[in-house]
Amino acid sequence: MSVSAILFDLDGTLTDPKLGITRCFQYALSELGYKPPDADELLWCIGPPIQESFAQLLNTADPIVLKEAIALYRRRYSTIGLLENTLYPQITETLKDIHSSGYKTFVATSKPYIYANQIIEYFGLSSLFDEVYGSELDGTRAIKGELIHHILLTENLAFADVVMVGDRKHDMIGAKLHNISAIGVTYGYGTEEELRTYGADEIAHSPAEITELIIC
């Protein structure tokens, strides 16, 4: 794969955030008076923009209700949930190999930048990324295609030089919107079928396979 810059999704690609994210959704739903689903029934919420997930969970598009739900979620996430998180095995080694080989590396997550940066720093990965990119707290650039567009412009990257690595359809859709290559990872929360359906050029079943696909 002839590229010089790699965009990495965060949740489900670099880290496994299941515990923190599901508990925060459960907390928000409980505070709103709903009986929350079990954690395994909330796995589909890992990856999509948070407003999209709450709209489906609450079956509403009411901006006031969604704003309250997100505020409750973030009340717990900002202090506890973001660190209820683990690095996937081999991720640190994979990032070191790619970065030391001269590739530019960026985090590209729908998660707000303020949280994404804290997570990257917490796991000691800051030196392995040229920059961390996320959304704003008001939802700006939460859609992966908008975020990728912002990164390409800010970093002056040519689409032919970039590959997006992620575990959900949103990563693949965002990549293909800008005609950039995409590697889907199956150790996260998306299936191979989902990833291929939405445009994955290659599939990695482990972080080590990402290195094999990128470093020729």
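1. Some ground rules to begin with. Residues are numbered from 1 along each chain as its sequence is written, and side-chain values use heavy atoms, without hydrogens and water. Because the model is predicted, local features need pLDDT of at least 70 and side-chain atom pairs count only at pLDDT 80 or more, while totals for chains, interfaces and linings use all residues.

2. The largest nonpolar core has 47 residues. Such a core is a set of buried Ala, Val, Leu, Ile, Met, Phe, Trp, Tyr and Cys residues joined through side-chain atoms within 4.5 Å; buried means under 20% relative accessible area, with a 1.4 Å probe and protein chains only. Phe 8, Leu 14, Phe 54, Tyr 73 and Ile 210 have the most contacts inside this core. Helix H3 (residues 63-77) gives the largest share, six residues; helices are DSSP runs (H or I, at least four residues), numbered from the N terminus.

3. Leaving aside residues up to four places away in sequence, Ile 210 touches Phe 8, Thr 94, Ile 98, Val 165, Val 185, Tyr 187 and Ala 204. Contact here means heavy atoms within 4.5 Å.

4. Now the helix pair. Lys 144, Gly 145 and Ile 148 in H6 meet His 170, Asp 171, Gly 174, Ala 175 and Leu 177 in H7.

5. His 170, in helix H7, counts as buried because its relative accessibility is 15%. Not counting residues up to four places away in sequence, His 170 touches Pro 48, Pro 49, Glu 52 and Lys 144.

How values were computed:
Buried < 20%, exposed > 50% of the residue type's maximum accessible area, 1.4 Å probe, protein only. Helix = DSSP H or I, 4+ residues; strand = E, 2+ residues; numbered from the N terminus.
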